[in-house]
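Trainee: Could you take me through the ligand site in detail? I'd like one connected account of that part.

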Amino acid sequence: MANINCVGILTSGGDAPGMNAAIRAVTRSAIYNGLEVKGIYRGYKGLITGEVVPFKTNNVSNIIQQGGTILKTARCDEFKEPDGRQTAFETMKREGIDALVVIGGDGSLTGARLFAQEYDVPIVGLPGTIDNDLYGTDTTIGYDTALNTIMEAVDKIRDTATSHERLFFIEVMGHDAGFLALNGAIAVGAEAAIIPEISTEVDQLEELIKNGFRKSKNSSIVLVAESEVTGGAMGMADRVKKEYPNYDVRVTILGHIQRGGSPTAHDRILACRMGAAAIDALLEDQRNVMIGIQNDTIVYVPFSKAIKMDKPINRDLLNILRILSI
Ligand code: F6P
């Protein structure tokens, strides 16, 4: 049994729907197990500046359905410097915080890993990002909600694409990963997805044209993952305008709409299970691991693997997309 009395929670990096459900789950599971809880505002920034507030069960009432994060979030450059981490550790000592739960994406868990190595602090991470790009968990908190938001938005764009007989390139987020683009494309019945994982292997635009992706249709939707590698939706549209000027092309960049909104049931349940598992892990003396769920089972994934290993896309999905878009 670990020697922990007080757990600090923070959210860091891009917000993701379900972060509040995770904050609630961590807080209530900790209190249920007799631990004190402190909420740290604005991610690592708040750990450096000492924005720390004691949390009781009612601090997390009525938040499970809310998007964003009640703890606020930030991308913190100071924490990348040794001085920043030293100040953060002093805040922990002053506030009596013995362990941390960090909810965020790969940048946030990279910071957690470094901090844990330098100061011997027990830290458990929860994968909170719409990008779904953390190795060791089937899905991340926020991914399912973002996918549903993409689906609703693209369904609307389809009306215009069909009415005007246009080709639409729709850019979705994902950092450098194509999970949102690929699964979004399947969910909306798109003609194709352009994703960074495939960009180095084939010219995806050439493939699309070669396969006659508009043969049997008079409108087309192509989801493009944001990334330097794909060139984004604008890059694709510029190429089509130059190389295939007979197409009537339009671009929509969905942007931050994808990060907002009330979490889906899937994300709420994921966050509840992972939040409770984070406290179990700390009590079992686990440290420097991310909580994952694989095949419906909770797993502890060392930070080194979660952030360093590339999560593979399921290539069968590319084939399904190709078959169903004839
Ligand atoms: O990691 C989440 C994410 O939304 C990425 O998909 C995107 O590339 C990035 O954050 C955008 O970050 P910001 O909101 O800081 O511009």
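Mentor: Here is the ligand site, starting with its surroundings and then its contacts. Keep in mind that this is a predicted model, where local features need pLDDT of at least 70, side-chain atom pairs count only at pLDDT 80 or more, and totals for chains, interfaces and linings use all residues. Residues are numbered from 1 along each chain as its sequence is written, and side-chain values use heavy atoms, with hydrogens and water left out.

Around the ligand you'll find Arg75, Asp131, Met173, Gly174, His175, Glu226, His256 and Arg259, where a residue is near if one of its heavy atoms lies within 4 Å of the molecule. By class, that shell splits into 1 nonpolar, 3 polar and 4 charged residues; here Ala, Val, Leu, Ile, Met, Phe, Trp, Tyr, Cys and Pro count as nonpolar, Asp, Glu, Lys and Arg as charged, and the others, Gly among them, as polar.

Now for the polar contacts, meaning pairs of N or O atoms within 3.5 Å. The side chain of Arg259 has an N or O atom 2.7 Å from a ligand oxygen. His256 puts a polar side-chain atom 2.8 Å from an oxygen atom of the ligand, and for Arg75 the distance from a side-chain N or O atom to a ligand oxygen is 2.9 Å. As for cover, the ligand on its own has 400 Å² of accessible area, and the protein covers 69% of that, with areas coming from the Shrake-Rupley method with a 1.4 Å probe.

Definitions and conventions. Polar contact = N/O pair within 3.5 Å; in protein donor to acceptor, adjacent residues only side chain to side chain.
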